[in-house]
Amino acid sequence: MILAPSSSALHVHAPLPSGSTTTTPKTPTAVTIHPVALFSILDHYLRRKEEEDRVLGTLLGTRTDSGIEVRSSFAVLHKETAEQVAVDMDYHRTMYDLHHKVNPKEVIVGWYSTGSDLNSFSALIQNFYGQETAPHQAIHVTLNTGVDAGEKAGVKAYFSSPVGVYPRPENCVFVPVPVKLEFHDAERSGLDLLKSTATAASASSSQPIGDLDVLEGAIHNINDMLDRVLGYVRSVLSGETKGDPALGRYLMDTLGTSLEDGSFHSSLQDTLMISYLGGLVQAQAEVSARLALVSA
Amino acid sequence: MAEAIAASLPAQSAAPTIAAPVHEAIPTSMTKYIDVEADIPLTGVQLDGMVVSKILKHAREAPASSAHGLLLGLDLNGTLEISNSFALPQYSGDDDDKTSKMSARYQASMLRSLREVQADDSVVGFYQATTLGAFFSQSLVETQAIHQDKLRHGGVVVIHDITSTARGNASFRAFRLTSAFMDAYKRKNFNSASLAAHKLTFTSILEEVPLTIRTNPLLSSFLGSLAQSTPSGVSPAAVSSESALPPSFSALQLGSAGLTRNLEQIAESIDHYRVEEGNLAYLSRQIARERAKADNYVAKRKEENAARAAQGLPLLPEEDVNRMFKIPAEPSRLESILLLGQVDAYAKSLSGAASGGLVKMYAARTGGNA
């Protein structure tokens, strides 16, 4: 699940020389972001003061062997003028402490800002967050909200490396890292819900939705897909498009799956039994509740 | 309209500075928006997309349906708009007093911090994660009772069902305590007479408030661009177009995983209910026994006095029976109702899952035969 069109850049990890004594941790090679972090950034951007053109905040998450998982984010106050930038450090520390109490596993991994331009202020802030995450490297995630004309919404992640003969905080190179959206399967349906809400005309949907409505939606979706596949297959058969062998292989694997019919009846009986049982328990509970109200 | 706004403004801004503020009548065109006394009753709850995702994440990460947190927002013209939320930490200490103090301090400092970044900072309720739709518990009812007393509009509790979400149907529902229950709760009286008077069963403890989910335009457009397919640069074939949010089909899962767990839960909650009923029955037997003893004593004394009166002897004093016989107070049936509600909720989610499963099984068989 990639968030931005992938670049042609290669992300190579040089293995540490075996004899080296340095204990510097590896630079991250991949960043995954949980949707809640992105949504919080969007909300923060929506609530910014009129004179601010960008907002920034801290990213919390976990480090794994392969990269960094950004799990949540919170807003941090900052002031930016042409000459200087100030970030409210006390606020950042307080918020981190509060978040840490609820979720001790999440630590500071970097910072975010909206808009996709990087400037020397970014380098200064990056330098500060680098101290917060030491000895690990801080990452910087930029989120383009897509509000400005001509710019596409998207997310990019960077880590920094010092540049120049004498390392100075305002001099650094931001190296892009691939970034992916990641969430648990169990949260999937929640995101689907948000997605369908977002595409609705009024941008709102009412709850609760019946299980069968969800099922119906999924079946319609499959129907559309089958139609698309059918259209493709027909056009290949008639010679309009050239068939892709890989695609054909995938289709054969998918459509060739057959159901084993033997267990259907026993499974059906089990399900019916459970359904009756559920109804029975419900009825009993209702009767019992009513009986409690009857006075002798 | 402009005049109406101008007319209403001085009254608003003058109120905090002048000692005895003169309230001007709010023009009728503005009464929908200026609702100082919370006169407009709540008719619905609107949950922001970010809150949805925050609750989802917290509910999944917290152990065993213990996730709960506060909801922040504002009410406008009868709709409670929930625009933010934060999780509350789990304090595992046994000391109740200390726990509540720490929780209060946490809330205060979180609210202060959120105000600084222009987020809404008025508490409008709380959320609670649950499994298999069963959310009746003493602590939930108590928290909501406190909120309903203190918060403007009484606040709501938003229930998020983890099991249903994992099955492919994200479920959020908003509830409030009914006035009948609040009345009984304030009197701290849940004996059978009070229950009958208030007509309280597990279905009439909470009333559901219609809940809608809304995504703000910024989030909508962002989600739209996430769901869009972006051709990946590696291989330009049509196959490898990828989107950050590909469609999912977890609603089509045939497997009846979780049904066993559900059955176990039902059996467990029925056991709890039976134990509670046993306790209640024991207590009421004890009450009946004590009362019978007291009644016997009184009847005997009366008989004796009648005999003495006939013989012209002085009467024996009628002692305070209540002091001689300790008749225990009638037990609270709240726990038993809540447990019954729990049983009912488990059963409902079981039959729901089973009937959904039936539909899917027939659908799969038809599809397989065709």
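Reader: How many residues of chain B are in contact with chain A?

Author: In this predicted model, local features need pLDDT of at least 70 and side-chain atom pairs count only at pLDDT 80 or more, while totals for chains, interfaces and linings use all residues. Residues are numbered from 1 along each chain as its sequence is written, chains are lettered from A in the order in which they are written, and side-chain values use heavy atoms, without hydrogens and water. With contact defined as heavy atoms within 4.5 Å, 95 residues of chain B touch 94 residues of chain A.

Reader: What makes up the area buried between chain B and chain A?

Author: Buried area is the accessible area (1.4 Å probe) that two parts lose on being put together, summed over both. Here that area is about 8,000 Å², and carbon and sulfur atoms give 70% of it. Lys57(B), Leu218(B) and Phe222(B) supply 9% of what chain B buries against chain A, more than any other three residues.

Reader: Why is the pair Arg47(A) and Asp120(B) called a salt bridge?

Author: The term requires a side-chain nitrogen of Lys or Arg within 4 Å of a carboxyl oxygen of Asp or Glu. The closest N and O atoms of Arg47(A) and Asp120(B) are 3.8 Å apart, so the pair qualifies. The count between the two chains is 3 salt bridges.

Reader: How do you know that strand β11 of chain A pairs with strand β8 of chain B?

Author: Strands (E, at least two residues) are DSSP runs, numbered from the N terminus, and two of them pair if DSSP finds at least two bridges between them. Because 4 bridges join β11(A), residues 204–207, to β8(B), residues 211–214, the strands pair, and they run antiparallel. Within β8(B), Leu211(B) is the bridge partner of Gln207(A).
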